[in-house]
Amino acid sequence: MSAIVEHPIRSVLVANRGEIAVRVFRACSELGIRSIAIYSEQDKMHMHRQKADESYLIGHGLAPVAAYLNIPEIIKIAKEHDVDAIHPGYGFLSESAEFAEACVKAGIRFIGPTPKVVRTMGDKVAARKVAIEANVPVVPGTELPVSTAADAVEFCKTHGLPVMVKAAFGGGGRGMRVVRKLEDVADMFNLASGEAKAAFGDGSMFIEKFVEKARHIEVQLLGDEYGNVVHLYERDCSVQRRHQKVVEVAPAPNLDEDVREEMASAAVRLAKHVGYTGAGTAEFLLEPSGKFYFIEVNARIQVEHTITEEITGVDLVQSQIRIAEGASLPSLGLTQENIRIDGFAIQCRITTEDPAEGFRPDSGRIDVFRSGEGMGIRLDGASAFAGAIISPYYDSLLVKVISHARDLYSSASKMDRALREFRVRGVKTNIPFLLNVLEHARFLAGTLDTNFLDEHPQLFTFLPQQNRAQKILNYVGEVLVNGPTTPLATSLKPAVVVPVVPLTPHTAPHPTSGWRKILLDHGPAAFAAAVRAHPKLLLMDTTLRDAHQSLLATRVRTYDLVRIAPFVAHKLSRLYSLENWGGATFDVSMRFLHECPWERLIALRKLIPNVPFQMLLRGANAVGYTNYPDNVVYKFCELAVRNGMDIFRVFDSLNYLPNLLLGIDAVAKAGGVVEAAISYTGDVSDPSKTKYDLNYYLRLASALVDAGTHILCVKDMAGLLKPQAARLLISALRAQHPTMPIHVHTHDTSGAGVASMLEAARAGADIVDVAVDSMSGMTSQPSFGAIVASLQGTEQATEFGLEEVSAYSSYWEQARTLYAPFECTTTLKSGTADVYLHEIPGGQYTNLQFQAYSLGLGSQFHKVKAAYAEANMLLGDIIKVTPSSKVVGDLAQFMAQNKLTSKEVEERAEELSFPKSVVEFMRGEIGQPHGGFPEPLRSKILKGLPGIEGRPGAQLAPFDFEAATIDLKERFGGRIREEDVMSYALYPQVASDFFTFREKFGPVCKLETRIFLVGPKTGEEFEVTIEKGKTLSFKTLAVAVDLNKHGRREVFYEVNGQLRSVFIRDRGAAKEHTFHPKAEKGIKGQVGAPMPGSVIELKVAEGEKVPKGAALVVLSAMKMEMIVQAPMDGVVSKIHVTKDMKLDAEDLIITIV
């Protein structure tokens, strides 16, 4: 061996970027060497330039990758700044013999092998040749690089398939394709060659036999200029996706010791044969039989060098530098006998890729970054911090996580724990996928091969990260920048108040059992019998549903309901039931409150386990405004019972018996309590009103009892049941059905509600509906407290005292002020007897009022009410309750807006375009009204459209729940539940919009109501409990005055004391700017960019017919090309991009119809 001569290095320039540059800078710092960074224009804010002692811009005006491939400029900077040596890192020029040669010629040391060795090892064909010379087994393949697709096809015809097409000059998985079909060879060759050209500057390819079921094993080598070579054992790199390593393990688990020794010896033999110096890796494919083949040498440091450092304790980067200074391996203590394995290490590459979208690269700003650390964890990164901008121009690697422990299982456990601690927001990452890999039994057993990912598709199935805090910030920012997301009906603002919840006893954690225990223990029939046998008047509280529907346009949120729920469970446990679900609350929850109605039911059931829940079921209309296939109604009732619903008030808006019978049967089959309802209108005490007389109601009641109802309800939805009418009707029903419980519901619009309910009770009613005092009266139900007080000291006295009612009322008195924008008292100041004239249902009154405001008819609401009465008579004096009441309301609004009288409507019906609901009613789409349709008005409105005879839903095909589930999961992800599918079956567009909103803004139902409606004040602090034991603290700091170039405003917050910001598009200001449209999620024919990048080729033209899967465009980003395929069969109606256009993720590319 020649004499050892060392030449100290004083400064090192790293011709690279990102984490490997930082890794080298750290090694330099530890060795006392000055470090120099270079950076492209796109990297001017990147962390690696800040970690160096000096940094210099390179490649001004060049493309992002080209900047780091500019050899003359790199050499120029090195010479100008007195650089002793250049470290190439990995990728870019690290395996360029031309670059190594340029360094040597410039008198600068190249930290790596000699140019000759780089050229030999970088040429896959030459590397095969020297491997054969060194007696190292190789995979059969081309002897020379292949530069054309035609030559590739010819090779495959001669040698057979499958083959691996790979870059002749480069690695890292780029420019690699497995080809199994001859017809695919040319396309795959061209794609791989294009990638190789972009990444390495040379598109020449190498073709070799593809070894099936192989393990990818690489041996780490170090050599010095004195002929010494040592191995540092091996790494298993078999876990690969698209031929890029994802997870690496050192040493290779379950590797036979003889094979380990043979492979390491072959690697050392090859390195000595070529005179290798510095760090390098010999890569092999290992067959299950134990036979291995050399595939290539990576003549550079590798991404996964870290795990070798962990198990051997050898700093490979420092060793590279010391070897370049002239040190020998023995002088560094690196003799083979001194190198030992200590435990197992795993490396995971966290990348900014979205595993739910085929690992689409993501770019943008990191809004939140929190890493996983602790014992046995090492992090190597450069751009992982809050505020960092992830560029679309470079590799998507964010940070490398390395775990080290005594065995594979322990190392995997540490890695799993560390990854779960990570929080990265603003860009997508592959962490969910990595966790799936780490937790798989085969990985933990160490039985890996390169087919591992392909053979386990379940590894690619995962729930997306919830990212709740950031989504809530986006929502609050949206409200602050663009205003309320739910339309406010008036100019009134929510009060700045937090309603005080009355105390519940801490000594009684479980509330007293109530009527629900009888139902659960003995079933619906026994429950009904117990109700009938009960001597006192029972009460149903409507505060949680109908009361706020009537007074506050159905806008009360789950947030305020669950706050008072424990008090209700403890203090009002003897309620017959709580009406808290169904009816208009179902769609309004999604449409305006942006919350899931099913989650409301589940949350309330958990907090109130003892009181029966009651809902409003619109017979064959379920909780909708139209008819549905029968299987939808049956499935809805089944799911409602499963999630905690007990009693179903089944009604039909026209008292149409076939619709009622379907609802009754659906509830009975689901196991719920059937409370069949007679919808009341007219006045049974007025002999002049003959259409809906006493006999009509008695006949209908008998039909409902015969159908099997457990409880009979009189549903007076407009408050028309006068005291004397209540006495007459309930007495007659009690006489006709002595054993049947009778439940009476009314609205207090006229102010006579309490008197009517007391008369009903005296006449034999078992249950009446009330609303707590502060939510009662006017269009709501009669006062809870008034009924209680009126019956005190009588045989029918309720089981409640005024104290608990008063405490309950106090909460709602405060809570009601939060909903000031929706207050019915905007126009309705007191009860009004004109309800006997217009007959508007209480639950519709405020909604109709706010519709009038939105149509500019707010000051003419008295005319709308008069028109309502006229519209009702035009339609034949029908029962008015949802959805028939909507028909009357729509016609009334139509008449008021167009200043039409009843006579004009009748005369001009053939020329007028009526509201859709009116046409549907006249067709018979909601059933047949008592007394038939009005003629000739019906025929004039239908204009030749055929009418529907019989029950409308009977003619509908069953809803395909399975197909809907598949569609929704495809559109909205794996968190779609059975209940979500039901919401979609009932309200397809409303549910789709809600799912989109939920995905974008998260659990906004957790926000305080004022914050939800109008947002916080600047400087205001507020808390959000996103789940039990997880409360986030927010503070709104400021909203930027100026827009950024994308038309967005930055909104600043503190979250748990840490500064965060979000960018919100200002929709008002954005109208003055032009932005590329985004593909709308959920519209299948809108094809968006799967990743940020440039359009390099258009494959189709407008008007062209394309099959599903057809290539549409080719994008290039992050040194990777991607073919965007058609998601469906159809015709290209519009192309929204041009060649070379730069796109952001989800930018609209093509529309297919």
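The model is predicted: local features need pLDDT of at least 70, side-chain atom pairs count only at pLDDT 80 or more, and totals for chains, interfaces and linings use all residues. Residues are numbered from 1 along each chain as its sequence is written, and side-chain values use heavy atoms, with hydrogens and water left out.

Helix α13 spans residues 408-421 and helix α14 residues 431-438, and the two pack at about 160° with their axes 10 Å apart. Axes are lines fitted to C-alpha atoms, for helices over the stretch in contact, and angles run from 0 to 180 degrees between N-to-C directions. Helices (H or I, at least four residues) and strands (E, at least two) are DSSP runs numbered from the N terminus. The crossing of α13 and α14 is left-handed, that is, the near helix is turned anticlockwise from the far one by less than a right angle (right-handed if clockwise). Met415, Asp416, Leu419 and Arg420 of α13 meet Ile431, Leu434, Leu435 and Leu438 of α14, contact being defined as heavy atoms within 4.5 Å.

An open, antiparallel sheet is formed by 4 strands in the order β31-β32-β33-β34, where two strands pair if DSSP finds at least two bridges between them. Strand β33 (residues 1048-1055) is joined to β34 by 8 bridges, and Val1051 stands opposite Val1062 in β34. Helix α17 (residues 468-482) lies across β31, β32 (1030-1039), β33 and β34, at about 55° to β34.

A parallel pairing links β1 (residues 11-14) to β2 through 4 bridges, with Val14 opposite Ala37 in β2. Of the 6 residues in β2 (residues 34-39), 5 are buried, where buried means under 20% relative accessible area, exposed over 50% and partly exposed in between (1.4 Å probe, protein chains only).

The unreviewed UniProt entry places the feature "binding site" at Lys124, Glu208 and His243; positions follow the numbering used here, feature names are shortened, and annotations may be inferred rather than shown by experiment. Lys124 lies in helix α7 (residues 124-133) and is buried, with a relative accessible area of 3%. His243, in the loop between β10 (229-241) and β11 (244-250), is partly exposed at 22% relative accessibility.
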